[in-house]
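The structure comes first, then the notes by topic.

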Amino acid sequence: MFDYKPDETLDTPERYRQLCDAADALTEGESDAVANMANIAALIWEFVPDLNWAGFYRMGTNSDGEEELVLGPFVGRPACIRIPLGAGVCGAAVRERKTQLVEDVHAFAGHIACDAVTQSEVVVPVIREGKVIAVIDLDSPSAARFTKEDADGVERLAALISARI
């Protein structure tokens, strides 16, 4: 059995390098997207401090056949199940096809409060063959918790796993 708990003294870039290495090792050769997302959510929870939620929203469809985000594997408190494209931080990441780094979620127009404890958020789209297939969402109970280094690290993780989820 592997111990994927990182050294707490690591700087942020090294923490994400080790997170990506662990995600690569856990998902290499595994074709089940849900299993891979579940393990990656657990790894994020272990590697990234000061979180109250870490996981995925997957691209799906609603009862009218319209695309929307649907809750995927995560670690944390119960969450919103469906998010319309363009709504909230996750929907903005899909609409803009770019990372959303939000220091204060309460100042973000259209923020969806799935958990009132959340103060800051980083959401990164996972893109495969030019199409957004999911987002990685990290929430923190601390304001301005996430930095550009966090966003860069999650972007590297998203690129690594895009063919595995």
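Six strands make up an open sheet, ordered 3-2-1-6-5-4, with antiparallel pairing. Strand 3 (82-84) and strand 4 (100-102) are the edge strands; each has a single partner strand, so one side of each has no neighbour in the sheet. From one strand to the next, the twist averages 25°. Strands pair in a sheet through backbone hydrogen bonds, parallel or antiparallel.

**Basis of the values**
- The model is predicted: local features need pLDDT of at least 70, side-chain atom pairs count only at pLDDT 80 or more, and totals for chains, interfaces and linings use all residues.
- Residues are numbered from 1 along each chain as its sequence is written, and side-chain values use heavy atoms, with hydrogens and water left out.
- Helices (H or I, at least four residues) and strands (E, at least two) are DSSP runs numbered from the N terminus.
- Two strands count as paired if DSSP finds at least two bridges between them.
- Axes are lines fitted to C-alpha atoms, for helices over the stretch in contact, and angles between N-to-C directions run from 0 to 180 degrees.

**Strand 6 and its partners**
- Strand 5 (residues 120-128) and strand 6 (residues 131-140) are joined in the antiparallel sense by nine bridges.
- Within this pair, Val124 has Ile136 as its bridge partner in strand 6, and Val122 stands opposite Leu138 in strand 6.
- Trp53 is opposite Asp139 in strand 6.
- Strand 6 is largely enclosed by the rest of the structure, because nine of its 10 residues are buried (under 20% relative accessible area, with exposed over 50% and partly exposed in between; 1.4 Å probe, protein chains only).

**Helix across the sheet**
- Helix 4 (residues 148-161) lies across strand 1 (53-61), strand 4, strand 5 and strand 6, where contact means heavy atoms within 4.5 Å.
- Helix 4 runs at about 25° to strand 5.

**Positive phi in loops**
- Asp50 is not a glycine, yet its phi is positive, at about 60°.
- The loop between helix 2 (33-47) and strand 1 holds Asp50, which is partly exposed at a relative accessible area of 36%.
- Ala144, also not a glycine, has a positive phi of about 50°.
- Ala144 sits in the loop between strand 6 and helix 4 and is partly exposed, with a relative accessible area of 41%.
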